[in-house]
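I wanted a record of what I looked up in this model, entry by entry. I start with the aromatic rings.

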Amino acid sequence: MQLDKISLTLSNVAKLCLFLLLFIPTLAFAKKKSPLIPTRLQVEYLQAPIGIDIKKPRFSWVLETKKEDVFAKKQKAYRILVASAEKKLHQDVSDIWDSGWIPSSAMNQILYEGKALISDRSYYWKVAVKDEKGLVSDWSDVAHWSSGLFDPNEWEAEWIGGDEVFDPTQRDCNIWDPWLRQVFEISQKPQQANLYVASIGFHEVYVNGKRIGDEVMAPVVSDHTKRARYVVYDIAPYLTKGKNVIGIWLGTSWSIFAGYDIDGSRPMLPLVSAQMKIYGEGMLNDNSQPIHTLLTDSSWKIKQSPNKLLGVWDFGQMGGELWDDRKREDNWNTLLYDDSHWDAVSVYPLNLIFSAQNVMGNRRKAEIRPIAIEEKADGTYRVDMGVNFAGWTEVKMKGEPGDTIRFYYSEREQQEMTFNMRSMFIMGQQGTGVFKNRFNYSSGRWITIKGLRNKPTLADIKGWLVRTDYADAGNFECSDSLQNWMYNKIKWTYENLSLGGFIVDCPQRERMGYGGDAHATSETGILNYQLGAFYTKWMQDWRDVQGTEPMVGNMRDKNYARKGVTSGRIFNNGILPHTAPTYWGGGGPAWGGIVVTLPWFMYQHYGDKNALVENYGLIKNWLEFLDSNVEEDLMKRFGGTWDFLGDWLWPNATAEGMNNDKPETLCLNNAYRVFNLRTAAKIAHVIGDDSQARNWEEKANRASTAINNKFYNKEKGIYADGSMANLAAALLADVVPPAEKRKVIKSLENEILINRNGHIHSGITGGALLFKWLRNEGRNDLIYSMTSQTSYPSWGFMKDNGATTIWEMWEKDLPGHSLLHSSYLYPGAWYMDGLAGIKLEKPGYAQFIIEPPIAGEANIKWVKASFDSPVGLIKHHWKRENGKLTLSLVVPPNTSCLLKLSAIDAVNIVEREGVIAKLPTEEGKIVYELQSGNYSF
């Protein structure tokens, strides 16, 4: 009996030991966390946005690892929590949405699927992921966003402004930028107070004397015949119990732009519509009622400020600003100020769509200090800022009351002023003053100052680049100093063209969002900056302007601008003006065609299918418009003089005549139509409209046959004039019959290397198509030949002639053209996907390629590059020394890389199960698939 008890006890001990052996590792496993960390949380491509008016916003994140020596990490599932208060998420409570564990590797454009969101509310979210082993990561940091207004009826405020209407007959604008204010009282310190401000023209907001936010020249530019974008300001921290005052300062700017006065229905003056619901203490919910509602209406007051626009916001007359310091009142926006002498505002009935800005605003970025000040014999001072830039300047001065100081801005050292860029300052009673921009900006390198009694010092003057506040994404450096110069100047130029939520052709003469110029900039932009929200906004601009023909000529003369063709008439069909959101200017099929190519670039780069769906109607309407001008499968010339441009601004183009009816123009535009059709067919396939895809493919094939019959010289292997533009367009659009392709490629090689001695001979449109095809085909040798030249025409010629930004034309000294322009920025994409060899393989970089150039393709010894892609930071550093190639690269978590190497590059790579796998040889390249991690070979 005793023995049985002992035996039983030993048996229990054995079971306990077995249990512990099994359970303790389980406990350890349960506590073990994934090394993955979700970071860079975004809502609709924005970090912590305020006032997003999308009912089902999309979430994105990237993954990092806690240690660098971790390989092959994947996301197998994610879980998102959304709550109405941050403290709830700290307790893992989600009262708005708990997605549960979703088995998916997706990290971008994850659609919100929780409770219906409420307008004007703050929301908080975080995300965790499971890795390939099933281990759960730590939660991300808590991020937040706030909703805008979902229902148009929620906008209750009226449009208000002054009664001083723009007079276009004057040299300078007659409207003084107005101050508006309203005093109101609240019973308690607010918990939430979001001020929604939509303005036609720029604005600044003040609360109890304090300037709110650091966004400048708000809002971004919109088509004010249809839309007004609002900016949301969180002003709760600046309000107090009792009386408060809101001040709004309006800037004239786009409010008097003639392109927004197509039918004369809107008064030409700056206007604002603003509203706010203030909520008191306590948790906000569906039934929360505001303690106070503030609306712009007839009770607001208005007064002229000391600031006004110089110029008339027209072609070559963008001007600058006049500040009259004698009229300065520093306390105009405070409660202590007596506004009894102010006027009542006027109320204007307008029928515009209110929508959230949904993109980063403008901000001051790089600070610029002058490098020299020269005193002229006539008593003027010439300031050299050291670099051509578009933005703001600030000058500290002394003088006598009433002194008028004038500033003239110039891109050219030998000219006092270019494009009528000028500002003025009238000295006040203090005898000291500071001129600084507020609602306009200048563009140039040199500033001539007239009217100063004393020479300024270098410390008295500074400037800033002002642009849309998108984040940087690309960094490139190599052994070739010319390529480094080009890369840096291309990026600098791009940034100087991006004020207002779209890319302009130039910041001083026109400020128009040309679609043709976008082909020269969009992939450069996407591969070097984080531009998802930026390009999403610009595509909405293109949807807004569709159906109205372009406007050209002197738009202030209504009789001239509205007669004949290209007059701004509303057709309500698929026609597109050549610029958006601005209507103005000339172009051709490649200008409107950006509405097909840009959404496709966005889908490829970001994996953003919504960019295709949202713009599908726009694309179809555009292609139908082109079809209406097709006879026997060839597009014929349409529109007026400025509606059928082909390539633009190739070397010596102004002497040869660009806007012409020559066969090369007709050939290029027909090839471009085929490029649009084939791209649209890919889009249709992605979104599941296969019948439409087949229709477009059939049209493209018929058009290709017609182009070959009419324009192809089989004996010479050329299209039309045999220009780089036409050869590249035919190849890119897949117009060339397979049997003729080798011959046409040889013709292009000969045109570059022999006929042009290695120089480029294309312009904006042709050059963009040329570089696109060469990049697609991996022809680094031909691109390097063109980018390594230093004689005319080349980027190196610009460098040797003192350029600090990229010019409009290959020639420097032709009058009237810009030295800061969008024309030739297309090499900026090649530095990333060519010399750095970081190439897209699957949409959104779910898989990408690293392919260093083959030895001899370019005279470059090493490249260091990083690219902050939609899936995280990709790095690639390659070096050739003594005939050997060495590589180091970073593959971010949840993606994989195809490393493609030339057979002559004997890199020592050892396969490693689950991390490095050798794949079959591909077109003479040795291929390895690398999972995430840091590598050195």
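I looked for ring clusters and found one in which ring pairs link Trp179, Tyr206, Trp249, Trp323, Trp332, Tyr337, Trp342 and Phe439. Rings of Phe, Tyr and Trp (its six-membered ring) pair if their centres lie within 6.5 Å; planes under 30 degrees apart count as stacked, over 60 as edge-to-face and the rest as tilted. The model is predicted: local features need pLDDT of at least 70, side-chain atom pairs count only at pLDDT 80 or more, and totals for chains, interfaces and linings use all residues. Residues are numbered from 1 along each chain as its sequence is written, and side-chain values use heavy atoms, with hydrogens and water left out.

My search of the whole structure gave 60 aromatic pairs. Tryptophan 249 and phenylalanine 439 form one that is edge-to-face, at 6.0 Å centre to centre and 75 degrees between the planes. This pair links distant parts of the chain, 190 residues apart: tryptophan 249 is in strand β14, and phenylalanine 439 is in the loop between β27 (432-436) and β28 (442-450). Helices (H or I, at least four residues) and strands (E, at least two) are DSSP runs, numbered from the N terminus. I also noted tyrosine 792 and phenylalanine 797, an edge-to-face pair at 5.7 Å centre to centre and 70 degrees between the planes.

Next I checked accessibility. Buried means under 20% relative accessible area, exposed over 50%, partly exposed in between (1.4 Å probe, protein chains only). Tryptophan 249 has a relative accessible area of 4%, so I list it as buried. Phenylalanine 439 is buried at 2%, and tyrosine 792 is partly exposed at 34%.

I then looked at glycine 251, which lies in strand β14 (residues 242-251). Glycine 251 is buried at 0% relative accessibility. Leaving aside neighbours within four places in sequence, glycine 251 is in contact (heavy atoms within 4.5 Å) with Asp177, Gly201, Phe202, Pro270 and Phe439.

For charges over rings, I used this test: NZ of Lys or CZ of Arg within 6 Å of the ring centre and within 35 degrees of the ring normal. The charged end of lysine 327 sits over the ring of tryptophan 176, 3.6 Å from its centre. That of arginine 912 sits over the ring of phenylalanine 71, 4.8 Å from its centre.

Which residues touch the most other members of the largest nonpolar core? They are Phe59, Trp61 and Trp125, in a core of 255 residues. α13 supplies the largest share of this core, eleven residues. A nonpolar core is a set of buried Ala, Val, Leu, Ile, Met, Phe, Trp, Tyr and Cys residues joined through side-chain atoms within 4.5 Å.

Helix α15 (residues 724-732) came next. Nine of its nine residues are buried, so the helix is largely enclosed by the rest of the structure. Its cover includes α13 (663-687), β36 (718-719), α16 (741-755), α17 (764-776) and α18 (780-787). Just after α15, aspartate 734 takes a positive phi of about 60 degrees.

Last, I checked sheets, where two strands pair if DSSP finds at least two bridges between them. Four strands form an open antiparallel sheet in the order β4-β3-β6-β7. β4 (97-98) and β7 (143-146) stand at the edges with a single partner strand each, so one side of each has no neighbour in the sheet. Strand β6 (residues 122-131) pairs with β7 over four bridges, and serine 122 stands opposite serine 146.
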